Amino acid sequence: DLVMLLGEKSRFLAGQTENSPAVVEVSRKIAALNVAIQEALKNNIRSTNLLIGDLNSRIAKIQEQFGRLPRTEQDILNIKRKYSLNDNIYTYLLQRKAEASITLASNMPLNDIVEAAVPGVPPMMLRPMLNYFLAFMMGLIIPVAFIAVRETFSGKIRDLKEIEGKLVVPIVGSIGKKENGYWQMVVANHPKARISEAFRALRTNIDFIKPAEAPLTILVTSSIAGEGKSFCALNLASAFAACGKKTLVIICDMHKSFDSPGLELDNGPGLSDVLIGRTADVPAVIQRTGYKNLDIVVPGPVPPNPAELLIGERFQAMLDDLKNTYYVIVLDSSPVGLTNETLYLTRLASLTLFVLRQNYSDKDFVDDINALREKKGIENLYAVINDVEGRYLSYHRYGHGYYDDAPGKDSFLRKVGRFVSNKAAI
């Protein structure tokens, strides 16, 4: 009853206070029940004390009667008590022994060994050297097989020698991987980096292709987004600007909003404003980048018909006008695989650079480039491989002490690792 009252009080206190009538009534009942319990305990204690006193008096009477017996009978009674006690203990121990024997018998196997087993042939001896040799061979075969299967079934561009053999257009530049901490303008901000030297080499190759041609219009495009087209366009323009040639970059991709990490530029007014006719002042849309001899024209607000604007006469007239001011004009166009106006822009450019990215671009893109040259008849078409692994770059191993981001002198293990990687790639 007390437990039930305490539980009822706890339920009331969950939603009421101590002063509520229900809680007060339950508390009164609990107090009354506690008093009753205490009285009952006192009565039980008195009854128990009386019982103990009665038992003690009876024991005293029995001992008094026992003391009246002769000495011999007292000894016999003591012996009987000890005998009864020892007999009970002995009987208990026999029972425990029987239980232990039953348990042990239940765990014993049912089968007996009649004759020990003898091998029909002598055991095979261990051959440590053979095991080491097999482990070494497996360590070579499994990685090489894995790399070979990956290269066979992968649809991405990995082996540059294979791609160079399939391309019908020359490869004029290989750009290494962008180091951590480098933004878009690598050539301008980190002129002694290895990747900056790659863009200067690309500039030199272009000078050999188009010697003494001024002004020079370069179209940079790719198959899909993400291959580094804009990155290559900006840094190639920076390489021309660094040697004193007044350079302009025109972002022709008007299909999306312009983003310029590392450049303090806004997206308006821009190219779309000139082509729509919103402004006729072309110099007004040219923005200074903060780097000497390098200017840029952003795409501006996204128009409803970017393709029609680029193939119109206004864009060609704009280029003709800008050629009077700039030595090099770099056109950063939309990817060929996503838009159609890029094919028209190839007729306005002195040469077209098609960017491919290692481990990113599909091998089918090589066929697309070959089709542009063989089926579309686009002349002055060249390929640039971006994000190239260091083992495919000629300047990767010879830059120690010259480039700011060149690695230290190779250790023996690093040379062995590069040798194995090169063999696997071949």
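The lining of the largest pocket has 13 nonpolar, 13 polar and nine charged residues (Ala, Val, Leu, Ile, Met, Phe, Trp, Tyr, Cys and Pro count as nonpolar, Asp, Glu, Lys and Arg as charged, and the others, Gly among them, as polar). This is a predicted model, in which local features need pLDDT of at least 70 and side-chain atom pairs count only at pLDDT 80 or more, while totals for chains, interfaces and linings use all residues. Residues are numbered from 1 along each chain as its sequence is written, and side-chain values use heavy atoms, leaving out hydrogens and water.

Let us stay with the pocket. Its space comes to about 670 Å³. A pocket here is an open set of points on a 1 Å grid over the protein atoms alone, where a 1.4 Å probe fits, with protein on both sides within 12 Å along at least five of seven lines; lining residues have an atom within 4 Å of a point. The volume is the space filled by probe spheres set on the points. Of the 35 lining residues, Gln184, Lys229, Ser230, Phe231 and Lys256 lie nearest the centre. Helix H8 gives the most to this lining, with four residues.

Next comes the sheet, which is open and has eight strands in the order S1-S8-S7-S2-S6-S3-S5-S4, with mixed pairing. Helices (H or I, at least four residues) and strands (E, at least two) are DSSP runs, and two strands pair if DSSP finds at least two bridges between them.

S7 and S8 pair in the parallel sense over six bridges, and Leu356 stands opposite Ile385 in S8.

Finally, meet helix H7 (residues 194–209): its axis and that of H8 (residues 229–242) come within 9 Å and cross at roughly 75 degrees. Axes are lines fitted to C-alpha atoms, and angles run from 0 to 180 degrees between N-to-C directions. H7 is therefore roughly perpendicular to H8, a term for angles of 65 to 115 degrees. Among the residues that meet are Phe199 and Leu202 in H7 and Phe231 and Leu236 in H8, with contact meaning heavy atoms within 4.5 Å.

Note on methods:
Parallel < 35°, antiparallel > 145°, perpendicular 65-115°, else oblique.
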